[in-house]
Amino acid sequence: MNDSSTCMNKALEQAAQALFLSSPNPRVGCVIVDSLGQIIGQGFTQQAGGPHAEVMALRDATAHGNDVRGATAYVTLEPCSHHGRTGPCCDALIAAGIGKVVGALTDPNPQVAGRGFDRLRAAGVEVEVGPGATESRELNIGFFSRMIRGTPWVRMKAASSLDGVTALHNGNSQWITSSEARMDGHAWRARACTILTGIGTVLADNPRLNARDVSTPRQPRIAVVDSKLDIPLDAHVLKAPSGCLIYTCSTKQAKIEQLQALGATIINMPNAHGKVDLAAMLRDLAQRGTNELHVEAGFKLNGSFIREGLVDEFLFYQAPKLLGTGAMGIANFGPLNELSEGLQLEFHDVARLGPDLRIVARVQGHDQF
């Protein structure tokens with residue numbers, strides 16, 4: 001027999017299986033438990049347009065010949081109540097005869113926002129809210145950010161030596177960190193909706209910015225900050241399977257048409273200084289369904305993001321080596337005159353990956369929304 005805490009943990013395990021899959025929808029898991037506490041159905045949200053966790057769990061129960069009438073459904077997010085690309089999950093649970101729903105959190109989507117729970121209660125289904133809330137929100141921090149703040153959760157990745165060097169004075173940077181660190185970095189790419197870089201990185205490295213060393217059913221979209229539209233027509237990022245967004249200030253029509261012919265989307269978004277308006281860009285990315293934005297850029301663009309207060313979380317990989325002065329650092333940030341002017345971070349997670357360290361550090365207060 002499984003107790004309530006165990007059942008919600010099982011639902012969270014299901015939700016984690018949607019990590020690389022469900023964007024821009026939230027990562028949701030569901031388990032259905034009978035009166036004896038036995039799991040009789042389970043599932044997680046599929047790719048956008050596919051079935052949600054509740055429907056997958058109901059189908060799983062049916063496929064195994066299990067009767068769900070009067071059973072309890074543990075769901076890591078409030079069942080939806082609106083018609084999107086799929087029907088309302090709360091209606092599916094009601095129609096199946098579920099007797100009780102235990103939900104971790106109210107859905108922050110204004111189209112739901114408590115209506116799913118209300119509809120269940122109105123149909124006579126017992127509803128309990130709260131178990132697993134912290135874990136579910138953490139798994140969906142990007143979705144909550146997009147729904148509440150109107151911007152993605154911005155995660156900036158950098159690989160460096162212990163003294164903060166990301167490239168030598170001659171540009172040599174491959175590889176400062178180990179294969180274990182690089183493989184882990186691809187997993188963080190895979191969970192993002194969009195990977196963003198700057199034109200400097202495109203010109204210097206011509207990266208693909210795809211998720212390779214990890215099994216993933218989808219590739220993130222690519223976004224490039226390119227004020228003057230200097231991107232070469234043979235740049236690898238233009239071949240991204242999920243598309244390439246180019247944010248620019250340029251109105252060079254011939255180049256725009258060439259890039260559009262290659263499938264790129266060109267967004268003109270200048271600020272008062274003739275650069276791309278990064279804050280407006282984040283709002284636009286949210287409108288385009290970006291929950292988590294993974295930034296892999298260079299010294300200049302990283303500095304702009306930090307100076308404008310647009311980074312929520314840093315993903316640092318540090319190798320146990322010193323590479324000295326005269327080399328490239330993580331970001332063009334400073335110089336500062338007072339220690340109090342520094343960006344205050346909180347360690348969220350620290351782990352060993354082979355010989356290296358992975359540090360996830362959050363900007364203080366940025367997850368309080």
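Visitor: How many cavities of 30 Å³ or more are there?
Guide: The count comes to one cavity of 30 Å³ or more. Keep in mind that this is a predicted model.

Visitor: How much space lies in the largest cavity?
Guide: About 50 Å³.

Visitor: Which residues line the largest cavity?
Guide: Ser-23, Asn-25, Pro-26 and Arg-27 are among them. The lining also includes Leu-139, Asn-140, Ile-141, Gly-142 and Phe-143. Asn-291 and Glu-292 belong to it too.

Visitor: What gives the largest share of that lining?
Guide: Helix α6 does, with three residues.

Visitor: And how does the lining of the largest cavity divide by class?
Guide: Four residues are nonpolar, five are polar and two are charged.

Visitor: OK, pockets now. What is the volume of the second largest pocket?
Guide: About 500 Å³.

Visitor: How many residues line the second largest pocket, and which lie nearest its centre?
Guide: The lining has 24 residues. Nearest the centre lie Asn-25, Pro-26, His-52, His-82 and Asn-109.

Visitor: Where does the largest share of the lining of this pocket come from?
Guide: From helix α6, residues 141–148, which gives three residues. By class, the pocket lining has eight nonpolar, 11 polar and five charged residues.

Visitor: Change of topic. How many aromatic pairs does the structure hold?
Guide: Three aromatic pairs. Trp-153 and Phe-369 form one of them, and that pair is tilted. The rings are 6.3 Å apart centre to centre, with 50° between the planes.

Visitor: Which parts does the pair of Trp-153 and Phe-369 tie together?
Guide: Trp-153 lies in strand β6, residues 153–161, and Phe-369 lies in the segment after β14 (356–363), so the pair ties together parts that are 216 residues apart in sequence.

Visitor: Is Trp-153 buried or exposed?
Guide: Trp-153 is buried, at a relative accessible area of 0%. Phe-369 counts as partly exposed, because its relative accessibility is 22%.

Visitor: Why is the pair of Phe-314 and Phe-316 stacked?
Guide: The ring centres of Phe-314 and Phe-316 are 5.3 Å apart and the planes are at 20°, so the pair is stacked. Phe-314 and Phe-316 are both buried.

Visitor: Back to Phe-369. What sits over its ring?
Guide: The charged end of Arg-137, 4.6 Å from the ring centre.

Visitor: Where does Phe-20 lie?
Guide: In the loop between α1 (4–16) and β1 (29–33). Phe-20 counts as buried, because its relative accessibility is 16%.

Visitor: What is Phe-20 in contact with?
Guide: Leaving aside neighbours within four places in sequence, the contacts of Phe-20 include Ala-187, Ala-190, Arg-191 and Val-214. Ser-215, Thr-216, Pro-217 and Arg-218 are also among them.

Visitor: How many Å apart are Phe-20 and Phe-333 in space?
Guide: 32 Å, C-alpha to C-alpha. In sequence, Phe-20 and Phe-333 are 313 residues apart.

Visitor: Now the backbone. Which residues does a cis peptide bond join?
Guide: Ser-23 and Pro-24, with omega about 5°. Pro-24 sits in the loop between α1 and β1. Gly-334 and Pro-335 are also joined by a cis peptide bond, with omega about 5°. Pro-335 is in the loop between β12 (313–319) and β13 (345–353).

Visitor: What is phi of Ala-113?
Guide: Near 45°, a positive value in a residue other than glycine. Ala-113 is in the loop between β4 (100–103) and α4 (115–122). Ala-113 is partly exposed, with a relative accessible area of 43%.

Visitor: And phi of Leu-209?
Guide: Near 55°, a positive value for a residue that is not glycine. The loop between α8 (199–205) and β8 holds Leu-209. Leu-209 counts as buried, at 3% relative accessibility.

Visitor: Last one. Where is Ser-227 found?
Guide: In the loop between β8 (221–225) and β9 (244–248). Ser-227 is buried, with a relative accessible area of 18%.

Visitor: What does Ser-227 touch?
Guide: Not counting residues up to four places away in sequence, Ser-227 touches Tyr-247, Thr-248, Cys-249, Ser-250, Gly-274, Lys-275 and Val-276.

Notes:
Residues are numbered from 1 along each chain as its sequence is written. This is a predicted model: local features need pLDDT of at least 70, side-chain atom pairs count only at pLDDT 80 or more; totals for chains, interfaces and linings use all residues. Side-chain values use heavy atoms; hydrogens and water are left out. Helices (H or I, at least four residues) and strands (E, at least two) are DSSP runs, numbered from the N terminus. Buried means under 20% relative accessible area, exposed over 50%, partly exposed in between (1.4 Å probe, protein chains only). Contact means heavy atoms within 4.5 Å. On a 1 Å grid over the protein atoms alone, a cavity is a set of points where a 1.4 Å probe fits but cannot get out, and a pocket is an open set with protein on both sides within 12 Å along at least five of seven lines; lining residues have an atom within 4 Å of a point. Grid points are joined across faces, edges and corners, and a volume is the space filled by probe spheres set on the points. Ala, Val, Leu, Ile, Met, Phe, Trp, Tyr, Cys and Pro count as nonpolar, Asp, Glu, Lys and Arg as charged, and the others, Gly among them, as polar. Rings of Phe, Tyr and Trp (its six-membered ring) pair if their centres lie within 6.5 Å; planes under 30 degrees apart count as stacked, over 60 as edge-to-face and the rest as tilted. A charge sits over a ring if NZ of Lys or CZ of Arg is within 6 Å of the ring centre and within 35 degrees of the ring normal.
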